[in-house]
Amino acid sequence: MTSVRLPQPLAHLHSLPPYVPGRPPTAPVGVTPYKLSSNENPYPPLPGVLEAAERALATMNRYPDMGSVALYRALADRLGVVPEQLSVGTGSSAVLFQLLSAYCGPGDEVVMPWRSFEAYPIAITVPGATPVPVPLTADARHDLAAMAAAVTERTKVVLLCTPNNPTGPALSATEVEEFLDAVPERVLVVVDEAYLEFVRAEDPVDGIALVGRRRNVAVVRTFSKAYGLAGLRVGYLASTPEIAGAVRLVALPFGVSSVAQAAAVASLEAEDALRERVDTLVAERDRLVAGLAERGWRVPDAQGNFVWFGVGERTAEIAAAAEAVGLSVRAFAGEGVRVTVGEPEANARLLEVLGRLAP
Ligand SMILES: *Cc1c(COP(=O)(O)O)cnc(C)c1O
């Protein structure tokens with residue numbers, strides 16, 4: 001009896017690249033390890049968030065509010081949209097999976113920058129669509145002209161990632177407008193703003209403003225990075241009511257837990273503390289980038305909470321050097337190393353170890 005007689009998953013799933021999670025750190029004895037491999041926030045929850053989450057935890061015998069009413073209300077108020085324009089999910093990764101399942105199937109193409117967020121090819125391939133990766137420019141930015149040229153009759157969705165994970169540069173509002181003018185309106189353009197809060201570049205993209213002006217744009221955002229709720233899994237999409245409605249249709253019922261809903265609402269109420277923390281992380285990032293430059297290490301424009309070393313064949317060497325001093329980093333074999341901006345001590349240690357290596 002051969003295994004062909006046993007249940008078989010869809011054939012196209014065999015081409016799925018596995019998602020490689022950031023590794024937990026290991027450190028020499030007596031050295032504090034730091035996890036700089038998943039772009040997490042080093043801070044504890046914002047003021048009031050733990051208390052709100054604990055109150056929700058006490059109701060764990062009940063299903064969460066399936067309509068996430070309080071969270072939709074809070075987000076709509078914050079963003080100046082109506083709740084019908086939003087779709088919340090278990091992290092913006094889940095929202096992206098939902099969106100791609102709602103808009104793509106076998107034979108459809110999705111244009112994406114590459115290297116970019118590693119969940120993209122997985123989320124595109126699951127519903128049977130084909131990823132069309134468009135290489136980044138030499139300075140690790142989206143090649144928007146090449147991306148527009150890659151759009152065909154089969155293209156259903158284009159993904160933009162600003163700032164781009166793992167390389168760092170952000171798109172400008174002007175270049176995104178020009179790109180949207182060049183792409184037919186039947187193509188859904190998704191702007192992934194996972195690191196929006198960290199952007200300090202000129203002419204920043206305002207995804208919500210774009211959504212207000214265009215009928216084929218969706219923005220996805222997350223509470224995992226600046227807000228520091230990565231472990232609770234909550235993110236959202238903002239778009240037209242039609243697009244948000246389609247994305248809601250394919251959501252798993254009761255996905256976002258009551259704890260996650262409560263923590264997200266409380267986090268939105270702690271805006272001042274959020275801004276302070278983000279400013280501190282941005283200052284730390286800029287200090288790190290300046291320190292790297294002093295040591296001869298030039299990195300692409302870092303607009304997220306991470307820096308990218310496009311070191312190619314030296315990837316394993318650089319990653320091993322960091323791991324040896326207790327810093328876990330994210331290595332992309334043969335391409336480069338992404339390092340999250342962490343606690344000041346972690347960043348200082350990175351500077352020290354790279355200072356000992358030739359760029
Ligand atoms: C981290 C990240 C996300 C979302 O993460 P979730 O935890 O699923 O919300 C989305 N896009 C990019 C580019 C990211 O780096």
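1. How many salt bridges are there between domain 1 and domain 2? In this predicted model, the count between the two domains is 3, and R330 forms a salt bridge with E118 in which the closest N and O atoms are 2.8 Å apart.

2. On the side of domain 1 that touches domain 2, α10 (271-294), β9 (306-309) and β11 (330-332) each supply at least two residues, and the largest share, 6 residues, comes from α10. Sorted by class, this side of domain 1 has 11 nonpolar, 5 polar and 6 charged residues.

3. As for the division itself, domain 1 comprises 19-39 + 272-355 and domain 2 comprises 49-268, with their C-alpha centres 25 Å apart. The contact involves 22 residues of domain 1 and 24 residues of domain 2, and the two domains bury about 1,900 Å² between them, 61% of it on carbon and sulfur atoms. Of the area that domain 1 buries against domain 2, Y19, L274 and Q303 supply 31%, more than any other three residues.

4. A separate remark concerns T240, which is found in the loop between β8 (235-238) and α8 (241-249) and counts as buried because its relative accessibility is 9%. Leaving aside residues up to four places away in sequence, T240 touches E84, Q85, V211, R214 and R215, while its side chain reaches the backbone nitrogen of I243 at 3.1 Å.

Definitions and conventions: Residues numbered from 1 in each chain as written. Predicted model: local features only at pLDDT ≥ 70, side-chain atom pairs only at ≥ 80, totals over all residues. Heavy atoms only, no water. Helix = DSSP H or I, 4+ residues; strand = E, 2+ residues; numbered from the N terminus. Buried < 20%, exposed > 50% of the residue type's maximum accessible area, 1.4 Å probe, protein only. Contact = heavy atoms within 4.5 Å. Polar contact = N/O pair within 3.5 Å; in protein donor to acceptor, adjacent residues only side chain to side chain. Domains from an automatic or database assignment. Buried area = accessible area lost by both parts, 1.4 Å probe. Salt bridge = Lys/Arg side-chain N within 4 Å of Asp/Glu carboxyl O. Nonpolar A, V, L, I, M, F, W, Y, C, P; charged D, E, K, R; others polar.
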